[in-house]
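Dear colleague,

Please find below the structure that I am handing over to you. My notes on what was found in it follow directly after.

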Amino acid sequence: MPGTIMNTSGRNKNIISSGILFGFLMSLAGMAAAPAVLAQTQITISTSVPGTVVAATVNGGPGAFVANFYQFALMIGGVLAFGVIVYGGVKYMASVGNPSGQGDAKEWIEAALLGLLLLVGAYFILSVVNPQLLNLNLPALTPVDLSGITIPGSGPGGGGSGGGVGIGGSSGGGVCTAPASGPCSVASLQNTCMGSNAAIAGGVCMTESSNNVAAGGDLSNTVGPNGKPLPASVGLFQINLSANTIPYNCTPGSSGCLNCPAAFTNPYTGSNPHTAIKNMNLYNQCVAAAENPSTNIQQACAMSKNGTNWAQWGPSTRQKCGV
């Protein structure tokens, strides 16, 4: 407006000081956030910034970009501050005899020095708060060893104490973890119909038979000839011969079908835990088939739907193995 003198020098100094302060805050926030950025991304980007030397503390990625950008900000801030100081010095000398002009020149110089102090102070502040904020390297990650992890619900002890529809008691016991070798191992079972469920199946197998192909179940509930106790559940997965044909659910009387339940007076189950053997010849054939590792595993595959449903196994085994 006519007659009004607008003092723009103070506003210009404020703009420059604000710009330098903004650069400081951005650099401070970037350096503090760099470790988190590194931890959340695997993206490879160009980290070079013109006129800077790649930081030796980082190996590429966003962290390197932040480090190099901070160098770049220092360089640009230094150039701008130097220019402002030169401008203030020239103005100060040109304002000899003019106290107002010299005061204004001093303000320019002070603003430049304050901006430089803020930029350099970012490094100092971070080093005081937490020196690790200045380290843009991620720590080395240690591989996780999963070989010793047991199946949820596992624990020491014996196998099932009572027979379900498909399985009776276990003779051996052990923890619900697949052994390192033998027919119950993951390496052996993953090449069968158990496939990707080999680890769970190996744990059930170990719990039921302790990796023993000839394991027999609880002898207290099955009576053989002359009162001799004999197991109703046999083999790696303790197949309940009194309740299941071999192969599973085959048609009795058809070729290759062993009608094992016909060898017993009644099925041995959790609700009916007592039975007796009435056909010893058929019983022996069923035992021989159940003690064959391949046959027993195939039977378990059919009964468990390839290791996805263990409902026919005893509650003790299911609880230990979390299935």
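With a relative accessibility of 30%, Ser 210 counts as partly exposed, a class that lies between buried (under 20% relative accessible area) and exposed (over 50%), computed with a 1.4 Å probe and protein chains only. Ser 210 sits in the loop between α5 (198-209) and β1 (222-223). Its phi is positive, at about 55°, although Ser 210 is not a glycine.

Please note that this is a predicted model, in which local features need pLDDT of at least 70, side-chain atom pairs count only at pLDDT 80 or more, and totals for chains, interfaces and linings use all residues. Residues are numbered from 1 along each chain as its sequence is written, and side-chain values use heavy atoms, with hydrogens and water left out.

**Other backbone features**

Asn 306 also has a positive phi, of about 60°, without being a glycine. Asn 306 belongs to the loop between α7 (293-304) and α8 (315-321), and its relative accessibility of 37% makes it partly exposed.

Between Ile 246 and Pro 247 the peptide bond is cis, with omega at about -5°. Pro 247 is located in the loop between β3 (239-240) and β4 (275-276).

**The chain as a whole**

The chain contains eight helices and four strands; these are DSSP runs, with helices (H or I) of at least four residues and strands (E) of at least two, numbered from the N terminus. Their order from the N terminus is α-α-α-α-α-β-β-β-β-α-α-α.

Of the 323 residues in the chain, 38% are buried. Where contacts (heavy atoms within 4.5 Å) join residues at least 6 apart in sequence, 62% of them link residues at least 24 apart. The accessible surface amounts to about 16900 Å², and carbon and sulfur atoms account for 63% of this area; the areas come from the Shrake-Rupley method with a 1.4 Å probe, and for residues only the protein chains shown count as cover.

Tyr 92 lies in helix α2 (residues 62-94) and is partly exposed, at 32% relative accessibility.

With kind regards
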